[in-house]
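Subject: Structure for you to look at

Hello,

The structure we talked about is below. Please open it beside this email, as my notes follow it.

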Amino acid sequence: MNICVFCASSQKIDPKYVDLATEVGTELALRGHTLVSGGATVSCMGAVTSAARAAGGRTVGVIPQVLVDIEVADNESDELIITADMRERKGVMDARSDAFLVLPGGIGTLEELFEIWTARVLGVHTKPLVILDPWGLYEPLRSLVEHMYDEGFTRANVFDAISWAKSVQEALTLLESPAQPMEPSVEELGESTGS
């Protein structure tokens, strides 16, 4: 499988998050998967790709020209795709991936998560989507989405479109399992303008 990993580029985070990315890259390669990543060398993004290659895995990096210009591109990638901008980058990552793994990250990671999550809820794709959150960074987000559901802003199946994991092994096992197809009805689409 081609597994896309969304994760942090911040260099101010606790080293445990970088260690988690390293563990993910290693395990992904040991299971024979190709890593699709944001194509940068910094923080968790660099750690996951370096670890995947060190364990014999193939890496595909997708990075916008603006980040190439500030010299953070992972030129060691087996394949490095340079895009015009962030929007094109996400489209290429989506098209090249069979599944998505979200590690702890910042607002860029959240943007990527919500785009893939929304597309799953709408039935645009059937690719597995997993959040790996061993330390509960995303628990407030989970509570927020539950509250949005309670207030009628999202569909009941919003959590059917995503899985949550506490360990790397659990996350990859979930990614390797077929995702449940999501086929919203006309009635569901009319229930809420949110997704």
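I begin with the charges: the mean positions of the 14 positive and 29 negative charges of the protein chain lie 2 Å apart. Here Lys and Arg count as positive and Asp and Glu as negative, while His and the chain ends are not counted. Each charge is placed at NZ of Lys, CZ of Arg, CG of Asp or CD of Glu.

Two remarks on the source. This is a predicted model, in which local features need pLDDT of at least 70 and side-chain atom pairs count only at pLDDT 80 or more, while totals for chains, interfaces and linings use all residues. Residues are numbered from 1 along each chain as its sequence is written, and side-chain values use heavy atoms, with hydrogens and water left out.

Overall form. The protein chain has eight helices and seven strands; these are DSSP runs (helices H or I, at least four residues; strands E, at least two), numbered from the N terminus. For 195 residues, a compact globule would have a radius of gyration near 16 Å, and the protein chain agrees with its 16 Å. That radius is taken over C-alpha atoms, and the globule rule is 2.2 Å times the number of residues to the power 0.38. Of the 195 residues, 47% count as buried. Buried means under 20% relative accessible area, exposed over 50%, and partly exposed in between (1.4 Å probe, protein chains only).

The cores. A nonpolar core is a set of buried Ala, Val, Leu, Ile, Met, Phe, Trp, Tyr and Cys residues joined through side-chain atoms within 4.5 Å. The largest has 31 residues, and Ile3, Val5, Val24, Leu101, Leu103 and Leu132 have the most contacts inside it. At least two residues each come from β1 (2-6), α1 (15-30), α2 (43-54), β5 (99-102), β6 (129-132) and α7 (168-175). Helix α1 gives the most, with six residues. Beyond its neighbours within four places in sequence, Val24 is in contact (heavy atoms within 4.5 Å) with Val5, Val48, Leu101, Leu103, Leu132 and Val168. Another core, of 24 residues, lies apart from this one and includes Val62, Leu129, Ile162 and Met182.

Ser43, in helix α2, has a positive phi near 50° without being a glycine. Glu71 is not a glycine either, and its phi is positive at about 65°. Ser43 is buried, at 15% relative accessible area, whereas Glu71 is exposed, at 73%. Glu71 sits in the loop between α3 (65-69) and β4 (79-83).

Regards
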